[in-house]
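Morning, everyone. Let me put the model up, and then we can walk through it together.

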Amino acid sequence: MRLTLQVALAAGANPLPLSFHPLNAALLLTASLTLRTKIERRRALHHPDRA
């Protein structure tokens, strides 16, 4: 869905939607870093060398 939103923003000729692109990028970055943190924590919990 996010990719579709980015494509729609880039395809439009209206400059107003393009002004929201940095906000969209910040939201995507936050979501990906949150997901990575959750994955790394889960991997650490299930690692065989965990004491």
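In general, side chains of opposite charge can pair when their charged atoms come close.

Now the ground rules. This is a predicted model, where local features need pLDDT of at least 70, side-chain atom pairs count only at pLDDT 80 or more, and totals for chains, interfaces and linings use all residues. Residues are numbered from 1 along each chain as its sequence is written, and side-chain values use heavy atoms, leaving out hydrogens and water.

Where does the pair sit? R43 and E40 are both in helix α3, residues 21-45, three residues apart, about one turn of the helix. Helices are DSSP runs (H or I, at least four residues), and strands are too (E, at least two), numbered from the N terminus. The protein chain has three helices and zero strands.

On burial, buried means under 20% relative accessible area, exposed over 50%, and partly exposed in between, with a 1.4 Å probe and protein chains only. R43 is exposed at 55%, while E40 is partly exposed at 37%. Of the chain's 51 residues, 4% count as buried.

Last, pLDDT, the predictor's confidence in each residue, from 0 to 100. Confidence is lowest in helix α2, at a mean of 60, and highest in α3, at 90.
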